[in-house]
Amino acid sequence: MRRNRIILVVLWITSVVCISFYGGTVSYGFFTVVSLIPVVSLIYLLLVLLRFKIYQRFECPEIVSNHVVPFYFTLQNEDFFAFAGVRVNFYSDFSEIDGLSDDIEYELLPHTKIRKETGLICRYRGEYYVGIKSVTIRDFLCLFQITYNNGEPLRATVVPDIIKLASLKSADAEVLSSRESSDSMQYPDVTVREYMRGDDVRQINWKQSARTGKLYVRNYAGEEKDGVGIIIDTRRKDNEQAVYLPVENRILEAAIALALFFMNKNIHVSAYCYKSGVEEHAVDSADSFDRFYRSMASEVFDPDLDSALMYAAFMGYAGIGENKIVFMVTPDADDGAMELAGWLNRGNTDVIIYHVGNDDAGDTEGLEPEVSVGPHTKLYKVPTEGNLEGLL
Amino acid sequence: MTAFLFDYLYIAPLALTAISYYNGLTGMEAPAALIYAVTTAVTLVLTILAHLRLKERLMLIGIMLASIAGIYLALVRAHELIHAEDYHWLMPVMLIAFFSYIAGSLMARFSYVRIGVSLLAFVMLGLTLFGIIAYPGLSVFFAIFLIIVSAADEVHIRWRRDGFTDEKTHMVCAAPFIASIVIIAAFIRYPERPYDWKLFIDIYEGALAAADRISFGFGAGEDGIVGFSEDGRLLSGLENISRDVLSVNTDSDIEAPLYLAGIVSDSFDGHGWKQIDDSLISERNMDAIEGTIAMRAYSEDYRDLYREEKIRIDYMDVKSKYLFAPSKLTSVNITSGKENFTERGGTLVFKRYNPYHFSVNERFIRLNTESADFYDFMRDGAALDKLRWSSTISYDSYLKYKEHVKGTYSEEIKLSDELSARLEAIYDGAGSEYEKLKRLEASFQKMKYSLNPPEIPDYVSDSSGYLDYFLLDSGEGYCSYYATAFALLAREEGLPARYVQGYRVDIDKKGTYTVTSDMAHAWPEVYFEGKGWVAFEPTPGFYRGTAWGRGDEGDAVMPSVPSVDPVFLEADTGEIEETDEVYEKADTNISIILLPVVLMLFFIMAFFILNRLIQKRSFKGLSDQEKLKAIARDNLAILGFLGYRLADGETLDEYRQRIANGIGADALGFITDYEEALYSDLPKSAIKPDTALVCNERLMRLLKERKRFKYMLRLLAGYNL
């Protein structure tokens, strides 16, 4: 296009020189024609702009992220003149069209239409525009182009993907399903466990401790923890959609994947999130998992959520401490999260924090603890992209 | 149809361009429209023939031959003798059309031919531009159309796209847009002269002048006069910007314009005035002295010839280095501050810029130019000798002043013969130099005043050139133009003359008048030896003489100047002569039309009848399978006429299912047999055309019911073998 424009400019300058030195039909006619070419080209573009028709739709009542959804679009020319160059530009921030790139330019002869059947892949859960974003039209001499935005874009509501984890790298699921510590001594009513900072020193079992060389405290019946907790931090840390959508998508995917994983292992799962109070979702069957999933699909992240209130609410919620292990999926592993983890640890609950985000994502292949807060709290960095299977 | 149009896109303009060039070179003795018509007809027929099938070609050739035969017979019948020598141009036209058809067809098919011919057309246009070859103007646009079409085609070929990219359809669809460009361009009338870029130059100079005026007002530059072209150039366009410059207070009750001189210029270079002389001689004061002495010496009633007036001029928010004052100045008194001005070459200039808001009182001599006495004085007044010289200034100083005036404001100008003749007509019978100039002044008053005259051409380089251009060619301008012409013509008469710029203030009665920048004016002043400088007003619409009563004899009456016809150039509309060739209409002899038409119809009928006979005979010789295929194709064609065309990529079975509701299954039974005939391995003898024949009859009945006209065509066309 640039080359054609340069040629036109050179011709125009030549024509200007011609009329400056020569009169008559040739010079003035040449000048007039060269001057009219861009005018007519622009008129042509405006005509195409007014007459061009585009239809698009996707056939799926519910779009699941990262799943291909049938998508159709039709470019139509109902007029008597050709549409020389039409290029379709798609929304690409959060979705992509399978098998079609933005580079393809189409020509539509009079009374013809082009119908494309392809697939739409939405990468993140949320509500956003998909499909055709804009259309670029070029004239038949390839001099000018006009890009106009699609006046009726498609809006998609995308639900999070359900990822089936084969294994959990950050925690031993078998251990979690066991009711006793392997290090414990079996007493009729008392078991022991390793000493943790904060434990009452009067509970130290000196005999066991002397025998093993490590400090052990008595673990009375009734103290045994059961089940898995998942704390879902629904704070929105950034107002930019391009930033928060991937993070929130990952948080929900992780929470759903964890819930499904443990449900399949017959381990009771309790998922907690905070709105005006702590909401608990019990997941121990397919039905309850489905309810939990629906709830997560429609979960709204709050940019104004008070962190202090949230953590206080979680710490004040008795049920959380009764889990054997708690997974915290959060966009911000701040001091409050550490404090919550410490509180849970003091109640003999292990904590695994999944910090979802892309700041210094590091190695996404192997899962290495970012920070080891203590023997009973681990912090992992989970990037927003990549297969979740290897990340949890 | 698309293929035909695509080929014709190249063939037609190429043929018309070629024939135009040939006509331009050889000058054929036939009307241009007829030549174009024959060329178009020949190329059209050839292109149509190329896109027809054999049968249709034969029919078209037959129709043409029949029509030609009919025309010939009609002419013979009307006893019209055909003189072959009158139509000798036909053969070269048809040959050129034929070869253009070949070349155009090649252009349509091969890219390199297209590029080569387009370049050749471009070169031909260039040769035409330089005047090496000539041809009728319209064909430029045929050539340009051809070039643009080729360019668009090349763009299309190199443009990678998906979808429907058929070259021929694309070009046929783009052609109307290309044609609209060329058609619009073809309808415009173009001048023969190169473009002078007057509009842009005017804009540029206007912007410069506006910038100068802004800098004037804020004292940004050396120029100090608001409303003037400081460098004395005669501009092609003026903009009237009104801004308060001065205020004048007068106690005179004379209704006459007051001329406040600013810059006095002495040298003209063809395009503008300059002040070369910067001598310190006090011209203004000497002028007043000379005039008063002469008028007093001439008549005791000298008060009827001149009077002394006083004015006060207040300078407003303007910085100027010029002191504005009437020419015949007797005294100047600046009310604030000391006098810090001097006179250089007749121009009063401040040594530095004037202070803001200062006033100056001036006394000057006003001449009673409209009175008969003044007229007589100018005619009869004698030169001042030493005896009559009565002033404190020495007579020798006066002589030096006179020499200075003659040396500074005189010029030898040679007029063209035409201009001399016109001036002679004006001056004829004049009794004095003054009367000559008054006649000249009256003649100028009848010319055209314009603030946007044409710019003075570059070839004007001196006074003679300017006079010829302005008075014989242009004929319009504003005050500077007229003042210049008048001063130069006065010089040509041997009288010293100068060009003065200042302000012209219309005075009605005593009082204060605001002088604005749009009152800036230019006028000529002519020196009459022994009488002094006299100002004239040649600018049309601005003449308003000075006169006051004669005392006991009532109002002064100016001897009438003979009414002068406007002998100088009036505006020439410059209408372009129509050069269209007149095409002589041929007499319409009814038999010339009727006979060919009858023959054509006869031929068509005979053709179709013959065609049917041949078809029937051919059909009988076909095998059953071939008959079935022929009838099936015919049935499909009939279904097409009924609006049920087989779609692209559609199988026959899908087609049958699709149209069954609209046609009825009983008329579509042939489709199954047709499919078997096309695709199955059944022996030929196993397939019979009977079902197809029955379906054919049913379909023809349907066609007759629904589309009678197409039914008639099918009857004529017969089977599609």
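These are my notebook entries on what I looked up in this predicted model.

**Conventions.** I number residues from 1 along each chain as its sequence is written, with chains lettered from A and ligands numbered from 1 in the order in which they are written. Since the model is predicted, local features need pLDDT of at least 70 and side-chain atom pairs count only at pLDDT 80 or more, whereas totals for chains, interfaces and linings use all residues.

**Chain B overall.** I then looked up burial, calling a residue buried if 20 or more other C-beta atoms lie within 10 Å of its own, exposed if 12 or fewer, and partly exposed in between, with C-beta atoms placed from the backbone. Of the 721 residues in chain B, 36% are buried. For contacts I took two residues whose C-beta atoms, placed from the backbone, lie within 7 Å; among those in chain B between residues at least 6 apart in sequence, 78% join residues at least 24 apart.

**The interface.** How many residues of chain B are in contact with chain A? I noted 33 residues of chain B in contact with 35 residues of chain A. The elements giving two or more residues to this side of chain B are α5 (111-129), α6 (138-158), β1 (162-163) and α7 (167-186), and the largest share, ten residues, comes from α7(B). By class, this side of chain B has 21 nonpolar, seven polar and five charged residues, where Ala, Val, Leu, Ile, Met, Phe, Trp, Tyr, Cys and Pro count as nonpolar, Asp, Glu, Lys and Arg as charged, and the others, Gly among them, as polar.

I also looked for strand pairing between the chains, which requires that DSSP finds at least two bridges between two strands. Strand β6 (residues 105-108) of chain A pairs with β1(B) in the parallel sense over two bridges, and Y106(A) stands opposite D162(B) in β1(B).

**Nonpolar cores.** A core here is a set of buried Ala, Val, Leu, Ile, Met, Phe, Trp, Tyr and Cys residues joined through C-beta atoms within 7 Å. The largest has 93 residues, and those touching the most other members are A15(B), I144(B), V149(B) and I178(B). I followed up I144(B), which touches G29(A), F30(A), V33(A) and V182(B) when residues up to four places away in sequence are not counted. A second, separate core of 84 residues includes L423(B), A483(B), L495(B) and W523(B).

**Helix α19(B).** Which residues are buried in helix α19 (residues 670-679) of chain B? I listed F670(B), I671(B), D673(B), Y674(B) and A677(B). Seen down the axis of α19(B), these buried residues fall within an arc of 160 degrees, so they line one face of the helix; the arc is that of the directions from the helix axis to the C-beta atoms. They pack against α17 (624-641), α18 (652-663) and α20 (690-706) of chain B.

**Strands of chain A.** Strand β3 (residues 68-77) of chain A has a covered face with V69(A), F71(A), F73(A), L75(A) and N77(A), while V68(A), P70(A), Y72(A), T74(A) and Q76(A) make up the uncovered one. Strand β1 (residues 53-58) of chain A pairs with β3(A) in the antiparallel sense over six bridges, and there the bridge partner of I54(A) is L75(A). Pairing of β3(A) with strand β7 (residues 112-122) of chain A is also antiparallel, over ten bridges, and F73(A) has K116(A) as its bridge partner in β7(A).

In chain A I also found an open sheet of three strands in the order β2-β11-β8, with mixed pairing. Strands β2 (63-64) and β8 (126-130) stand at the edges, each with a single partner strand, so one side of each is left without a neighbour in the sheet. The pairing of β2(A) with strand β11 (residues 154-159) is parallel over two bridges, with I63(A) opposite V158(A).

**Single residues.** F602(B), in helix α16 (residues 590-620) of chain B, counts as exposed with 12 C-beta neighbours inside 10 Å. C142(A), in the loop between β9 (132-138) and β10 (145-149) of chain A, has a positive phi near 60 degrees without being a glycine, and C142(A) is buried, with 20 other C-beta atoms within 10 Å.

Conventions: Helix = DSSP H or I, 4+ residues; strand = E, 2+ residues; numbered from the N terminus.
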